[in-house]
Amino acid sequence: MERLKRRQDFVAAARASYAAMPGLTLQARNRGDEGSPRVGFTATKKLGNAVVRNRVKRRLREIARQHLAAAALPGHDYVLIGRQPAFARAYADLEKDFTSALKRLHHPRRPVEKDQS
RNA sequence: CCAGCUGGCCGGAUGACCGCCGCCGCGAGGCCCGAAAGGGCGCGGGGGAGGAAAGUCCGGGCUCCAUGGAAACACGGUGCCGGGUAACGCCCGGCGGGGGCAACCCCAGGGACAGUGCCACAGAAAAGAUACCGCGACCGGGGCUUGCCCCGCCGCAAGGGUGAAAUGGUGCGGCAAGAGCGCACCGCGCUUCCGGCAACGGCGGCGGCAGGGCAAACCCCACCGGGAGCAAGACCGAAUAGGGACGGCGCGGGCCUUCGGGCCCAGGGAUGUUUCCAGCCCAGCCGUCCGGGUAGGUCGCGUGAAGCGCCCGGCGACGGGCGUUCCAGAUGAAUGGUCAUCCAGUGGCGGGCAACCGCCAUGGACAGAACCCGGCUUACAGGCCGGCUGGCGCC
């Protein structure tokens, strides 16, 4: 899956809908085209030093590889943001965090789109 | 055995499945792209974080900028001696000073007669000294209890007291009291000789003592240093906007109109400047080409002051020779995820006098390459190997 690399893509995704779970926050933005889905990862300095940030990003990448590839909708950009517990949280819990976040964004109980005014 | 000092090293191991980033090879076969070369997919092989990758504090390589060369000045840095090194503010070996019974550890360690300055508080006095309390014979005056007190003159700096520091220390002599005034030892300065490449050390001699501290205050002396950095720099290079050249078409605004036209008004530029006149060009659209540059891409980018092994020289830092290896190269940034077993460590239970054994649980320090080397500094769970010192015990 193609990676997001441009800052403006991340900014755009941040304005779209999101779902926050203990281990991570997932953002999903419908680009409005039918291209292949893309994914990006964020680990801020708030999380800790370089070792912590790298490990969090790697775990998120693994999550995306195993669970997002099949479920991603075309024309969408996904951004996984690491949160404090993501460094030490059990991998199985992190997986659950992701799948339920994805479910909430794909099948909202009521529309949560907050942008595109 | 106990206590301590010190040098070097390691920085969890093995395996399974699923992945990531480079590299090499294979394939006239297969699939996709391409005119081709080739690329992607595929198959096989091999590599993929550190001792600090960190802080970015020094020294270099490399790159660009500036510069005819050199020197001086300014500014910054370094500062015992000798050696090592590409170089260093680093390292090694010494010297001196301080601490420790010792092994060993620590030191910003040139110059204070070149000059300027500072030394709070306290204290009489803080740098050509000073005399607060004090010590003292002669002389002069006074008092009286007639050998003492007070005052003056004069001599002095031992003792007291202040301070971080008071113009050498201790002892004896000397004296009215004292003072290097004299002597001995210690310290200090100069010096013959000896040892050492040197810093410096040693024996002796001379000098009665000259030298307060601060140079991490300015300063003086010696030596070193151009600036900026891989976001350096080189090359390729869209879309869009803008620039230039050429060609074609066209020629501003307002009002009126019978759509033929009429009337009124006007901008900018260049030839040194200003004013006036005349002429020229521009102002819009389209096309082609050119150059700069942005996004993006490629290179820079790892054969090197390289690693490993052996031998030789050196107390050592290190140097030399021979052999051998090719060993990360990302750029929203690879080097991972999960699991199992084991090895240290920790806790609990049980057995045993104890060393220890068994079971269960727990559990992995500091920290992530970003152009590359040499250092320094800082962080760090736990462990391994060696050397030395002191004490106790035994032979």
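Start with chain A as a whole: buried residues make up 30% of its 117 residues. Keep in mind as you go that this is a predicted model.

**Stop 1: the whole chain**

Color chain A by secondary structure. Trace them from the N terminus and the elements run β-α-β-β-β-α-β-α. The radius of gyration is 13 Å, close to the 13 Å that the globule rule gives for 117 residues, so chain A is as compact as a globular protein of that length. If you draw a box along the principal axes, the C-alpha atoms fill roughly 35 × 30 × 25 Å. Now think about contacts between residues at least 6 apart in sequence: 81% of these join residues at least 24 apart.

**Stop 2: the sheet**

Hide the helices for a moment and look at the strands. In what order do the 5 strands lie in the sheet? Reading across, you get β1-β4-β5-β3-β2, in an open sheet with mixed pairing. At the edges stand β1 (2-3) and β2 (17-20), each with a single partner strand, so one side of each is left without a neighbour in the sheet.

**Stop 3: strand β5**

Select residues 76-82, which make up β5. Is this strand largely enclosed or left open? A residue counts as buried if 20 or more other C-beta atoms lie within 10 Å of its own. By that test 7 of the 7 residues of β5 are buried, so the strand is largely enclosed by the rest of the structure. Show the side chains next. H76, Y78, L80 and G82 point one way, while D77, V79 and I81 point the other way. Both sets are buried.

**Stop 4: the neighbours of β5**

β3 and β5 pair in the antiparallel sense over 7 bridges. To see one spot in that pairing, click Q27, which stands opposite V79 in β5.

β4 and β5 run parallel, joined by 5 bridges. Here you can pick out two spots: V39 stands opposite Y78, and F41 stands opposite L80.

Bring helix α2 (residues 50-71) back into view. Together, β4, α2 and β5 make a left-handed β-α-β unit.

**Stop 5**

Find G48 in the loop between β4 and α2. With 15 other C-beta atoms within 10 Å, G48 is partly exposed. Try the distance tool between G48 and I63: the two are 15 residues apart in sequence and 20 Å apart in space, C-alpha to C-alpha.

**Stop 6: the RNA**

Which residues are closest to RNA strand B? They are R7, N49, A50, R58 and Y91, out of 17 residues that surround the RNA. Color the surface near RNA strand B by element, and you'll see α1 (7-14), β4 and α2 each supplying at least two residues. The largest share, 8 residues, comes from α2.

How values were computed. Residues numbered from 1 in each chain as written. Chains lettered and ligands numbered in written order. Predicted model: local features only at pLDDT ≥ 70, side-chain atom pairs only at ≥ 80, totals over all residues. Buried ≥ 20, exposed ≤ 12 C-beta atoms within 10 Å, placed from the backbone. Helix = DSSP H or I, 4+ residues; strand = E, 2+ residues; numbered from the N terminus. Pairing = 2+ DSSP bridges. Right-handed = clockwise from strand over helix to strand, strands pointing away. Near = placed C-beta within 6 Å. Rg over C-alpha atoms; globule rule 2.2 N^0.38 Å. Contact = placed C-beta atoms within 7 Å.
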